[in-house]
Amino acid sequence: FTLAAADGFRMAVDRVSLSENAEHEINCIVPARTMSEVQRLLNDPSSDVEFTVTEEKTQALFRMSNTEVVTQLVQGTFPDYEKILPTDRNTSVKIDLQSMIQATRAASVFARDGSGIIRLVMASGSGDSGSTVNVSSRAEEVGDNESVVDAALEGDDGKIAFNARFLMDVLNVIGGEDLIIEINIIEYQ
C-alpha cells in the first residue's frame, strides 16, 4: 500500500504492508483532510484499517474498530512521484535523530527571525575526528546559531538548505533512533 502526498513545496512517500492481498490495484486521490481525520480517530496506530473504494471510484470508506469514515475522492490523476524522486545519491549521512532534533530546534529560533532557512553542511572527518553535520541558521539582527552533530558520512561532503518549519515537520514524524539523509550533489561549472 503506497501513500504519497505533496503540497507544492514538499513530498512524502510511505509504503505500508497489507494484512491481506488486495484483489486488484486501485489508484485514487483521498483528500488530505480525510487522511488527517482517519489518523486522529485511529486509537491504536498498529491496528488494522479496512479501506474500500466504490466501483465508480468516487467514494472511499475507512473502517476502523469502532468508526467508519466515508469520503468523496478527488477526481484526476496524482503526479508521477516516482519520476520526481531521485533514484541515485552520492552522499549519505546517518545522524542520531534526537541530536538532530535538538540542533534543528535551536537553529529554528534563529531562522524564524531571519530567512527561515536552516543550512546543513556534511563533512567527512580528517585524521582521528569523525564526520559531522553542521546545522546553522542566521538572523540579521539577532546573530547566528551553529550546532555540530556527529555523523557517519558515506560519499562526498555536501551542503543543503531547508525551510526550518518543513525540516521540523519531517523530524517530528520520523520514528527510530537514527536519521539518514541522502542527497545527490551536483557540481555547477
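## Helix on sheet

Contact means heavy atoms within 4.5 Å. Axes are lines fitted to C-alpha atoms, for helices over the stretch in contact, and angles run from 0 to 180 degrees between N-to-C directions. Helices (H or I, at least four residues) and strands (E, at least two) are DSSP runs, numbered from the N terminus. Helix α1 (residues 32-41) lies across β4 and β5 and runs at about 175° to β5.

This is a predicted model: local features need pLDDT of at least 70, side-chain atom pairs count only at pLDDT 80 or more, and totals for chains, interfaces and linings use all residues. Residues are numbered from 1 along each chain as its sequence is written, and side-chain values use heavy atoms, without hydrogens and water.

## The sheet

The order β3-β4-β5 describes an open, antiparallel sheet of three strands. Neighbouring strands are turned by 15° against each other on average, direction ignored.

Strands pair if DSSP finds at least two bridges between them. Strand β4 (residues 59-63) has five bridges to β5. A60 stands opposite T71 in β5.

## Aromatic pairs

Rings of Phe, Tyr and Trp (its six-membered ring) pair if their centres lie within 6.5 Å; planes under 30 degrees apart count as stacked, over 60 as edge-to-face and the rest as tilted. The count is three aromatic pairs. F9 and F166 form a tilted one, 5.8 Å centre to centre with 45° between the planes. F9 lies in the loop between β1 (2-6) and β2 (11-15) and F166 in helix α4 (residues 164-173), so the pair ties together parts 157 residues apart in sequence.

F1, F51 and F62 form one aromatic cluster.
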